[in-house]
Every structure is written in structure tokens, then in C-alpha cells.
Amino acid sequence: IVENAVNTNGIWQPWCFFGSYYAKAEADGTIISTVNSDYLTPAPSGNDPTGLYRFTASDLTLDAPTAMWGLRWDSTSAQTINLGQNDLTIGSGSMIINGNSDKVITSEGGKLVFAGEDIIFDTEGTGKFEIAAPITWQKPSGSAMTCPSLVFSRGRRTGNVTLSGQDDVAEYGSLYAYCYNGAQRTLFLGGSGDRTFNGPIGGYFHLEKQGTGTLTLKGQNDRRGGGFYVNEGKVIIAHNNAPNPIVQTNGICEFAEGVVFVGGTTTVTSNGLLRGLGTTGGVSLQPGARIAPGTDSQIGTLTFGTHSTLPSNMQLYTRLGLNTNDMLKITGNLTLPATGEPMTVSVSDVSGGTESVKDKSYIVGFWTGNNPSTTPVWTVTTTTPSALDVSEATVTVTGGSTRRIILSGLKPAKRGTLIKVQ
């Protein structure tokens, strides 16, 4: 029983499930499960916003905006709800998705509106559950909540759970999901919109970031287990004990300024990108990993918090501003790849031409512990060839007490000659 819950429209608020059904209260206050006869059949429009609905058909397409208090799916076959251009409002903020085969919500512009204090799902069975429609939150009247939490009391679909539509909620409290069903299942957070979770990440599930948007984690990792994979878009680690990420090809992970990460080892695979202004814990960099200190808007230093090995074919990015540049700091020993293995420094001029690079050297990395014992072969490239000539640029790794990776030999790009036409 939810503490301080009240009986609203026959079910408990904020929410309560009884098995795979909504719970209800008898006259004497006893909480029991609803039964099929307590549910109405959803129609394309004109549904009762105070009613509970049971969706058993294979398809439902809305032809006007509509609302209902709660919605339960339970067919053994595949089911699709197409919102069309119409909003569907769920007054309790909760939905039950049961039964087998895929369950999908699509849209042609309409939104799925959750009007409870939190956004809550209870789902299990075979097949996937996917919301490919835009979702948004409608704050309940009189509520003191500033944003909802996203809760999967059960997220136990064998085909996993995916939010792939535009997320107009954007700001959440906590994230909780229990996704074990014979094996640990995965929650995919996708779409082009940005999401921020301000509270803890709890439960038992794998989390995978998909889509082009940015996922920001400001709460600690309280899960009992589960991986965290950055497949697409960007993840910002903004808590010292957030889930430790595995940054896949084309994924981006950024450690926010001020973060000193203690959540475990960050893994970066080939073409994954690690950046930011914070301090990581351990890092496991695979060949071809990319490192870019700073953020989109700020040049600065990314710190690896312990002994680190830089792999072959790694790319280290640095931007040159006026009298400043991005740097990588390693707190501890530095190990480089075997002698002769390739590494790259990619440099760009973001100073607007105000930085004078001729005869100037730049520290692009430094470390505090033991010196490397190998000599890889460095290549210098540039993403701003109109501003920089890197044809004679070199990278030097200095040992002894200096412990620096130094970029030098840059020249301003040659400009065209102005020809006066008579």
C-alpha cells in the first residue's frame, strides 16, 4: 500500500497495482484486484476520463483527442495504438501492458499525456513494448511536484522496453525499473529530445542510450545490477556515483565540471568519444577511442582519476583559443602503446584567428606518475585547415620531471593572394 494514498476513481493514488491489474478499494477499505468487468473498452474517441479501460483488440486509431483514467493491455497477439494527430491523456499517469507479442504506441503528431504525479508502467510478457509517440506530462491540479519520476514497477518484456518518441517531459525526478524475467532485460531511452534525471537510478536493469538527444544523470546509481551503454547521442555524467558507462561507437560521454567520479570504470570502444571538464574514475580505452577534453561551449581539462593506458589509434582532440587550449590530465602513471603504434592529435583553431600559433608549443596532455617506456608514432591532423597548417607539426612526449605531451610546429594556414584587377 502506498503511504498516504487516497482512493480516487476506484483505484489507489498515486498508484497501486495488484498483480497485472489495477488495485481498487472496497467499501471497508480493503484493497483488492480489479477484474475484467471493472474495465471499459477503449474507443477512437469519447472515452470517459474517469474510467479504467482494457485494450484487447489488435489495433486502435484515435480520431479525436480523448482521455481515460487508466489503460490495461492484455492480448496474446500484437497490439498497436495509433494516436494519429490526437492526444491521449492518462489521468492516473499509469499504464499496464501485459500479454504476449509486441505492444507499440505510434503517432502522426498526437501526444501521450501522463497526468499523474509520476509516469508509471507495469509491463511483462513476451515481445517488446515501445512508445514511438511523443510523451509529455500534465501536472495534476494542486500537486507540489515539480517533475515526475519515471517508474517501471515491472519492465519485464522479453523484447525489452523502448522509449523512442520525442520526450517533451525533459526533466524527471528519479528513474526506477525492475526488468528481470528469466534474464536481465533492457530499458532503451531513445529519441531526439533531451532527458535529465535529477534523482537516483534504481532497480535492476540494463540501460541503453539511443537517439540523438542528450541524457543527463544527476543522481546516484542505486541499481542492484545492470550495464549502462551509450550507443547514440550524448550522456552527461553529473553525479559522482552515477552509473558507469560503456561508450560505444559514435556514442558520446561527458563528465560534467566538478564531478569526481567514483562509480566505477568508464569503457570507451573504437570511435566512442569521452569528453568533459570533470574527473573520471578508472578508464578502459580500446584501440580507436577518442578523447576530447572540454565541452561544446568551453575549452578546459579532462582528468583521468587514476593510472591510465592510452591505446593505439587513439585520437586526442584539442582546441586552441586565445592563450588557452584543451588538455588531458592523468592522475597517476601513463602507459602508451607499443613503440611504432599510431596515435593522433587533432587540433582546431576556435579563436577566430586571434591566436598566434607560429613558434608556439601547446601542452595537450600531462600526468603525475611514472613515465611511459614506449614511443608510439604520432600524427597531427586539423579540423580547421583554413586556419591551421599542420604539415610540420609534431608531438613530443617528455619524461623526467616535466611529464608532458607537447604539440608544436603549427603554422597559420597560407592565405590567398589578393590580385588587383585594373
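This is a predicted model: local features need pLDDT of at least 70, side-chain atom pairs count only at pLDDT 80 or more; totals for chains, interfaces and linings use all residues.
Local features need pLDDT of at least 70 and side-chain atom pairs count only at pLDDT 80 or more, whereas totals for chains, interfaces and linings use all residues. Residues are numbered from 1 along each chain as its sequence is written, and side-chain values use heavy atoms, with hydrogens and water left out.

**View A. Salt bridge between D38 and K24.** A salt bridge is a side-chain nitrogen of Lys or Arg within 4 Å of a carboxyl oxygen of Asp or Glu; by this rule the model has 16 salt bridges. In the pair D38 and K24, the N to O distance is 2.9 Å. K24 belongs to strand β4 (residues 21-25) and D38 to the loop between β5 (31-33) and β6 (52-55), so the contact ties together parts that are 14 residues apart in sequence. Strands (E, at least two residues) are DSSP runs, numbered from the N terminus. D38 has a relative accessible area of 29% and is partly exposed, a class that lies between buried (under 20% relative accessible area) and exposed (over 50%), with a 1.4 Å probe and protein chains only.

**View B. Salt bridge between R72 and D74.** The N to O distance is 2.4 Å. Both R72 and D74 are buried.

**View C. Salt bridge between R195 and D167.** The side chains meet at 2.5 Å, N to O. R195 is in strand β23 (residues 195-197) and D167 in the loop between β19 (161-163) and β20 (171-172), so the pair ties together parts that are 28 residues apart in sequence. R195 is buried at 4% relative accessibility, and D167 is buried at 3%.

How values were computed
Helices (H or I, at least four residues) and strands (E, at least two) are DSSP runs, numbered from the N terminus.
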